[in-house]
Amino acid sequence: MEHLLALQNLHVSYHTPRGTVQAVRGVDLTLDSGEVLAVVGESGCGKSALLKAIMRLLPENASVTGRIVVNGTDIAPYPEKQLQKLRGSLFSMVFQDPMTALNPSMTIGSQIAEAIVVHEPKISKEALRARVLELMELVEIDRPMERMKLYPHNFSGGMRQRAVMAIALAARAKILLADEPTTALDVTIQAQILDLLRNLQKKLHTATILVSHDLGVVARAADRVAVMYAGKIVEIGTAEEVYYDPRHPYTWALLRALPALATGGDALYTIPGMPPTLIDPPKGDAFACRNEYALAIDYEKEPPLLRVTDTHYAATWLLDPRAPRITPPIGVRRHGI
Amino acid sequence: MKTKRIVWRAAKTAAIFLISVLVLSLLVFVVSRLAPGDPLVAFYGERAEKLKPAERAAAEARLGLDQPILRQYALWLKGALRGEFGISYKYKMDVLEVIRARLPFTLRLGGIGFLLTFFLALGLGVLCARHEDKGLDRALCKIGTVTSCIPEFWMSLMLILIFAVSLRVLPSSGAYDVGKADDLGSRITHLILPLTVVVLGHLWYYAYMVRNKMLEEMRMDYVLLAKSKGLGRKKILYRHCLRNVLPSYLSIMAISVPHVLGGTYIVESVFSYPGLGTLSYESARYKDYNLLMVLCILSGALVIACNLLAQALSERIDPRMRAQEAIDTWEADTDG
């Protein structure tokens with residue numbers, strides 16, 4: 001079956017005065033229509049760069065290589081003009097901080113309207129107005145008639161994020177890229193926005209890539225989960241597989257660090273050390289030096305993504321038949337490796 | 001409720017304006033009289049030096065200069081409130097008449113200079129921001145740095161040297177050729193050189209400001225959102241970024257009006273342009289008190305009015321400022 005979106009060997013590098021930062025290092029991913037794929041990892045693991053690379057929203061000092069295949073067509077070599085037509089209509093983005101993502105001096109209504117008009121320049125005034133109202137209702141903004149005339153500063157954080165979502169949905173994008181859409185919001189609003197994201201996705205059947213640093217946030221919304229570390233995907237599987245049968249030591253560590261899964265009494269688990277700088281990535285597995293289960297080979301050779309099931313892969317030598325058997329510190333099912 | 005608020009605000013603004021002008025007039029009055037110099041020189045010319053002490057005392061008494069300073073001020077204020085600002089010692093005419101004759105020249109030079117500066121600075125700033133760090137931007141910025149470093153009097157002299165003395169294409173002084181006061185062409189050719197100096201003197205300061213503010217806006221998150229909608233770079237620049245640059249630009253330009261108008265002083269004197277600049281210089285130099293007072297109050301009132309205008313403008317344009325106002329009045333209402 002042809003995927004809606006397939007990333008093949010995607011690399012993103014930032015050229016800085018201090019050297020080239022390899023933010024994304026060879027990512028392969030697929031996304032099918034109607035599915036929510038969550039990408040999880042620490043700050044700086046390249047998850048945001050990955051999203052922005054798909055829409056080519058990266059700053060000028062960034063370069064992208066690899067294939068970005070949409071419905072069988074590679075859009076990676078597209079020039080800016082052609083990409084402009086795809087932005088908004090094929091894919092659109094929900095940003096991390098709704099406080100700064102909206103233009104402070106334009107009304108909410110006109111910012112939503114603009115996203116419609118770009119792709120439908122001949123739309124009549126009445127139809128445009130109706131569509132703006134429809135979108136605001138879709139993202140559950142009450143009293144859209146009066147609120148479309150308001151400015152972003154009149155809106156709360158949650159309301160602004162709803163407005164940003166209305167903008168993202170304005171031109172009926174097929175792929176929604178959500179870049180930490182709840183990080184800047186407080187916890188009760190986070191849940192509302194996630195539920196809204198999930199409902200919209202069911203209603204409109206948009207495929208979604210949801211980027212987050214929080215496995216807890218993702219659990220609520222994702223069909224599949226990809227765990228990223230140092231610019232690479234280290235584990236990918238259905239949400240069920242990743243939460244209940246995680247195989248990569250990094251996934252174990254992330255899950256152990258979740259407050260909800262911590263056993264009472266002890267201090268909350270934190271992953272030791274810091275992620276490596278990606279100007280000069282370490283040899284072997286980038287996680288090895290922070291990994292209490294690291295094998296000698298981890299320092300020498302980078303593990304490829306090894307198959308667990310047809311949908312579940314993890315990049316750890318622990319999956320190799322020669323590796324020692326380890327009982328994971330977390331996970332519900334007992335299993336032998 | 002709303003009209004009451006507007007009236008209250010207008011009354012407050014007017015009160016601030018009047019008090020500022022009053023304080024200014026007192027300051028100018030006292031300072032100008034404390035400064036050394038003999039006002040009688042302006043009145044009698046060189047004869048003043050030959051006056052006998054008795055004649056001198058009589059002359060001073062006639063001009064009211066024998067009174068204590070505050071008493072003089074009270075007298076002046078009484079006249080001023082009736083619209084009588086006295087006569088110019090030098091021109092022996094009502095000071096308002098003297099100013100009325102000169103004002104149009106300054107308005108022409110400063111007004112056109114201001115408009116040109118306003119639009120050119122905006123255009124150049126946006127142009128540079130669009131081509132940030134590319135050849136055009138770098139070249140323009142370098143030219144700008146150099147031209148804004150040249151002092152106005154020197155630039156005036158160089159322009160006179162090149163265009164009036166060597167090339168002989170433009171006149172070096174005055175506002176029109178002798179006997180051709182109503183000839184538009186003559187007026188325009190006399191305006192070109194001083195206008196160039198006035199515009200170049202201010203242009204780059206504001207152009208840089210537009211450029212930097214524009215670049216700041218271009219790095220904002222909302223630009224990324226606009227891009228993700230599918231908007232092209234030009235539309236993002238003009239519809240989104242410029243919109244956020246304009247309010248502060250307008251208010252800064254409103255404040256700059258007296259700068260540009262007042263900045264014509266030096267240019268006017270180098271080009272012997274018969275505007276208020278040369279007049280102010282003379283009145284200060286010759287202790288022409290009555291004239292000096294009105295000129296100072298005029299320029300002071302202009303500064304204050306432009307500041308108030310700037311504030312009103314940014315409140316009208318920037319929705320966040322309006323919101324602040326709403327919050328303030330809401331707080332005032334709930335307090336009361």
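## A helix pair in chain B

In chain B, the axes of helix α5 (residues 95-130) and helix α12 (residues 276-285) come within 8 Å and cross at roughly 130°, where axes are lines fitted to C-alpha atoms, for helices over the stretch in contact, and angles run from 0 to 180 degrees between N-to-C directions. The model is a predicted one, in which local features need pLDDT of at least 70 and side-chain atom pairs count only at pLDDT 80 or more, while totals for chains, interfaces and linings use all residues. Residues are numbered from 1 along each chain as its sequence is written, and chains are lettered from A and ligands numbered from 1 in the order in which they are written.

From α5(B), the residues Ile99(B), Arg102(B), Leu103(B) and Thr106(B) meet Leu276(B), Gly277(B) and Leu279(B) of α12(B); two residues are in contact if their C-beta atoms, placed from the backbone, lie within 7 Å. Sorted by class, this contact of α5(B) with α12(B) has four nonpolar, two polar and one charged residues, with Ala, Val, Leu, Ile, Met, Phe, Trp, Tyr, Cys and Pro counted as nonpolar, Asp, Glu, Lys and Arg as charged, and the others, Gly among them, as polar.

## The surroundings of α12(B)

Within α12(B), the buried residues are Leu276(B), Gly277(B), Thr278(B), Leu279(B), Ser280(B) and Ser283(B). A residue is buried if 20 or more other C-beta atoms lie within 10 Å of its own, exposed if 12 or fewer, and partly exposed in between, with C-beta atoms placed from the backbone. These buried residues of α12(B) pack against α5, α11 (264-270) and α13 (289-317) of chain B, and just after α12(B), Lys287(B) takes a positive phi of about 55°.

## Chain B as a whole

The secondary structure of chain B comes to 14 helices and zero strands, where helices (H or I, at least four residues) and strands (E, at least two) are DSSP runs, numbered from the N terminus. Along its principal axes, the C-alpha trace of chain B spans about 85 × 70 × 35 Å, and buried residues make up 30% of its 336 residues. Of the contacts in chain B with a separation of 6 or more, 72% are between residues 24 or more positions apart.

## Chain A and its strands

Chain A has eleven helices and twelve strands. Its radius of gyration is 21 Å, close to the 20 Å that the globule rule gives for 337 residues, so chain A is as compact as a globular protein of that length; the radius is taken over C-alpha atoms, and the rule is 2.2 Å times the number of residues to the power 0.38. The C-alpha trace of chain A spans about 70 × 50 × 45 Å along its principal axes, and buried residues make up 46% of the 337 residues.

Strand β1 (residues 5-16) of chain A pairs with strand β2 (residues 19-31) of chain A in the antiparallel sense over ten bridges, two strands being paired if DSSP finds at least two bridges between them. The two form a hairpin with two residues between them, and Ser13(A) has Gln22(A) in β2(A) as its bridge partner. β1(A) also pairs in the antiparallel sense with strand β4 (residues 62-70) of chain A, over eight bridges, and there Leu7(A) has Ile68(A) as its bridge partner.

## The eight-stranded sheet of chain A

Eight strands of chain A form an open sheet of mixed pairing in the order β6-β7-β8-β3-β9-β10-β12-β11, with β6 (91-94) and β11 (306-307) of chain A as the edge strands, each pairing on one side only. Two bridges join β11(A) to the antiparallel strand β12 (residues 313-314) of chain A, and Leu306(A) stands opposite Ala314(A) in β12(A).

Helix α11 (residues 249-256) of chain A lies across β3 (36-40), β9 (224-229) and β10 (232-238) of chain A, running at about 105° to β9(A).

## Where the chains meet

The contact between the chains takes 27 residues from chain A and 18 residues from chain B. On the side of chain B that touches chain A, α9 (221-229), α10 (233-262) and α14 (319-335) of chain B each supply at least two residues, and α9(B) gives the largest share, seven residues. By class, the residues of that side of chain B divide into seven nonpolar, five polar and six charged.
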